[in-house]
Amino acid sequence: MMKIKLVSVWNPKGGQGKSMLALNLASASVELGLKPLVICQDQQGTSMLYFKGGKLPFEVKAQIPKQRPDADIIFFDHQASDWEVPTPNLIVMPLKPARDQYATYIDAFKRAKSLNKDILTVVTDGQAHRADEKRTTQALKEKGAFVIPSSGVFSRAAEEYRTIFDPALNKAYKINERRREISKILGRILMEQPTTELV
Ligand SMILES: Nc1ncnc2c1ncn2[C@@H]1O[C@H](COP(=O)(O)OP(=O)(O)OP(=O)(O)O)[C@@H](O)[C@H]1O
Ligand SMILES: [Mg+2]
């Protein structure tokens, strides 16, 4: 049986970019000809709201379907305050580099690491003009983190319930750079072995 790749996008702290990443990584998967599915554990959750907006090129469900889903890759968009380390082997952990934001990430990272999870850290929304954020970003980058700088295209996309891969945003400022950053993360995700058999 074909394996489905399972990816959790997790950080118990709210507002770190989990939904943004889950949705945009799924869109990047569509660009590659894959069939992604996003699982949003919350009926009122962000990715479900996007789905109801009707502009996503993939499906969002509130739960893992009982029947084996017709998908190549599943992204779990975790809720804030979801403290338990997720079960998939591969965990994408977004964090904002502002000083008061990353303590939760460090704690969650350590707990996931102690369970031998493969963790991809993504620094989101960093402000280049803030010295402390620049320092934190640089330190994490040296340890292999991906970086998606602060960009207005994410709020613009959010207003319209689109991902940044939506052709309606083709002329947005530095859109190709932002898309490349997301696609690079997806590239790493697709390299990670082994994929997990969905039970
Ligand atoms: N690189 C970025 N540049 C600008 N804004 C960003 C960036 N990354 C994320 N954001 C914005 O940060 C906000 C929070 O992101 P998001 O909703 O994805 O976080 P979350 O971790 O899913 O939050 P919650 O825990 O509440 O579900 C959103 O408005 C999103 O558009
Ligand atoms: Mg969210």
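Predicted model: local features only at pLDDT ≥ 70, side-chain atom pairs only at ≥ 80, totals over all residues.
Helices here are DSSP runs of H or I with at least four residues, strands are E runs of at least two, and both are numbered from the N terminus.

Residues are numbered from 1 along each chain as its sequence is written, and side-chain values use heavy atoms, with hydrogens and water left out.

Back to α3. I see twelve residues, 103-114, reaching 17 Å from first C-alpha to last, close to the expected 16 Å (1.5 Å times one less than the number of residues).

Which residues of α3 are buried? I found Thr104, Tyr105, Ala108 and Ala112 (buried is under 20% relative accessible area, exposed over 50%, partly exposed in between, with a 1.4 Å probe and protein chains only). They sit on the same side of α3 because their arc around the axis is only 95 degrees, taken from the directions from the helix axis to the C-beta atoms. On the face turned away, I noted exposed Ala103, Lys110 and Ser114. The cover over the buried residues includes β5, β6 and α4.

Next I looked at Glu133 in α4. Glu133 counts as buried because its relative accessibility is 5%. Leaving out residues up to four places away in sequence, Glu133 touches Pro97, Ala98, Asp125, Gly126 and Gln127 (contact means heavy atoms within 4.5 Å).

Last, the sheet: seven strands, open and parallel, ordered β3-β2-β4-β1-β5-β6-β7 (strands pair if DSSP finds at least two bridges between them). I marked β3 and β7 as the edges.

Note on methods:
Chains lettered and ligands numbered in written order.
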